[in-house]
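User: Hello! I would like to learn how to read some features of a structure, one at a time. Could you walk me through them?

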Amino acid sequence: MRAMDLIDRLNREGTLPDDALSELIGERNRLSGAEREYLYLLAREKSTAVFGHDIYLRGLIEYTNHCRNNCRYCGIRRDNGALHRYRLTDEEILSCADDGYDLGIRTFVLQGGEDGYDSDDRICRIVSKIRERHPDCAVTLSIGEKTHESYQRYYDAGAERYLLRHETADEDHYRHLHPDEMSMRHRMDCLYDLKEIGYQIGAGFMVGSPGQTDACYVKDFRFLKELDPHMIGIGPFVPHHATPFADCAAGTLDDTLFFLALLRLYFPKALIPATTALGTIHPRGRELGVLAGANVIMPNLSPGAVRKDYLLYAGKICVDDEAGQCRDCIGARMHSIGYRTVAARGDYPGFQKKHNPPDESGGSEPDRRNQDDL
């Protein structure tokens, strides 16, 4: 079958011309179960060759659900008047990080909507305090589009990673997903700013979002190949009842696993999560994601009282679990498929920082010294 030849070529060469990638994507729904498993096997082999069977944890702290944007797919969009809005205090955020540290988590992800309340001073203060308390940990920000100056300030305060999904690299599709005041070019420029400053950057796209075509996916891979991010997050589109896309179909498990595997073959060293959204659409979604080449899981450290208010999509799992329960569950799930979660920062292999933040441990290479099987 032609698709299998293309998969083998991608495995050997690490890339495909656009026309060949388009052909492979178009054939994905005709792959047999055995052919899909072969693709996933190749992706697993790429991942384990770099990272072994280690799964890195990123502790999510969803600290605000206020957002100035009105993205048509998002449950915390500005026009969702039924949503109970909240902001965590500095001490609540630090308490989440303390709890996560005790659970063996060495990366904290501050995630929130684009909240006008958040001054650069506040973000820098929180980042600095987390680094002071936990100098062996990494701080990741996922707080949207900012100026180059703001990104530089966060970096200087000790943030080392930034997640900013590009969502789509197709202009028409971007306009379909986002309000007129948002710009695909600006989103991409932000990613290049972040990389130039020295962050480990994360981009990515939704799978099966409204208006998405196979040509959109080809453009996504082309953009990612040009950007060469350190982290790539993809997950299925899951509709939310309080958005214009409430009645749209969700992205599928098969498509998400297919694109996860392709990403691993394209980017062997990337940090790629098996997302919560994947676990939402299938009971073993995160396990299947790891078996298709993912190597990161993101347990939720947010206080239980606010988790149900941070729903970007409907049906999100783990909103009733305490952080320790979530952490233990993930560890058991990974153990069941032959992997282990580790107490490590999980930096991009070989990444060199432009300056040295406060004292830290773990290094940039995948470091297996003193990593307990958690």
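User: Leaving aside its neighbours within four places in sequence, which residues is phenylalanine 245 in contact with?

Analyst: Happy to start there, and please keep in mind that this is a predicted model. Once neighbours within four places in sequence are set aside, phenylalanine 245 touches Arg72, Tyr73, His176, Leu177, Pro210, Phe237 and Pro239. As for its own place, phenylalanine 245 sits in the loop between strand S9 (235-236) and helix H10 (253-266).

User: Is phenylalanine 245 buried or exposed?

Analyst: Phenylalanine 245 has a relative accessible area of 6%. The cut-off for buried is under 20%, so phenylalanine 245 counts as buried.

User: Let's turn to helices. At what angle do H8 and H9 pack?

Analyst: The general idea first: two packed helices are described by the angle between their axes and the distance between the axes. In this model, H8 and H9 pack at about 25°, and their axes are 11 Å apart. Angles under 35 degrees count as roughly parallel, and H8 and H9 are therefore roughly parallel to each other. Their crossing is right-handed.

User: Which residues of H8 and H9 make the contact?

Analyst: From H8 come Met188, Leu191, Tyr192 and Lys195, and from H9 come Phe223, Glu226 and Leu227. Sorted by class, the contact of H8 with H9 has five nonpolar residues, two charged ones and no polar ones.

User: And how do the axes of H1 and H2 cross?

Analyst: Helix H1 (residues 2-13) and helix H2 (residues 18-26) have axes that come within 9 Å and cross at roughly 125°. That makes H1 oblique to H2. The crossing of H1 and H2 is left-handed. On the H1 side, Arg2, Ala3, Leu6 and Ile7 meet Ala20, Glu23 and Leu24 of H2. By class, the contact of H1 with H2 has five nonpolar, no polar and two charged residues.

User: Now for the rings. How many aromatic pairs does the structure hold?

Analyst: As a rule, a pair of aromatic rings is described by the distance of the centres and the angle of the planes. This structure holds 14 aromatic pairs. In one of them, the ring centres of tyrosine 151 and tyrosine 162 are 5.0 Å apart and the planes lie at 75°, so the pair is edge-to-face.

User: Where do tyrosine 151 and tyrosine 162 lie?

Analyst: Tyrosine 151 is in helix H6 (residues 148-157) and tyrosine 162 is in strand S5 (residues 161-163), so the pair ties together parts that are 11 residues apart in sequence. Tyrosine 151 is buried, at a relative accessible area of 0%, and tyrosine 162 also counts as buried, at 0% relative accessibility.

Tyrosine 162 forms an aromatic pair with tyrosine 199 as well, again edge-to-face, at 5.9 Å centre to centre and 85° between the planes. Tyrosine 199 lies in the loop between helix H8 (184-197) and strand S6 (200-203), so this pair ties together parts that are 37 residues apart in sequence. Both tyrosine 162 and tyrosine 199 are buried.

User: Which residues do ring pairs link into a cluster?

Analyst: That cluster is made of Phe205, Tyr217, Phe221, Phe258, Phe259, Tyr266 and Phe267.

User: Finally, where is glutamine 325 found?

Analyst: Glutamine 325 is part of helix H14 (residues 323-336). Its relative accessibility is 46%, so glutamine 325 counts as partly exposed. The C-alpha atoms of glutamine 325 and asparagine 300 are 9.9 Å apart, and the two residues are 25 residues apart along the chain.

Methods
Residues are numbered from 1 along each chain as its sequence is written. This is a predicted model: local features need pLDDT of at least 70, side-chain atom pairs count only at pLDDT 80 or more; totals for chains, interfaces and linings use all residues. Side-chain values use heavy atoms; hydrogens and water are left out. Axes are lines fitted to C-alpha atoms, for helices over the stretch in contact, and angles run from 0 to 180 degrees between N-to-C directions. Helices (H or I, at least four residues) and strands (E, at least two) are DSSP runs, numbered from the N terminus. Angles under 35 degrees count as roughly parallel, over 145 as roughly antiparallel, 65 to 115 as roughly perpendicular and the rest as oblique. A crossing is left-handed if the near helix is turned anticlockwise from the far one by less than a right angle, and right-handed if clockwise. Contact means heavy atoms within 4.5 Å. Ala, Val, Leu, Ile, Met, Phe, Trp, Tyr, Cys and Pro count as nonpolar, Asp, Glu, Lys and Arg as charged, and the others, Gly among them, as polar. Buried means under 20% relative accessible area, exposed over 50%, partly exposed in between (1.4 Å probe, protein chains only). Rings of Phe, Tyr and Trp (its six-membered ring) pair if their centres lie within 6.5 Å; planes under 30 degrees apart count as stacked, over 60 as edge-to-face and the rest as tilted.
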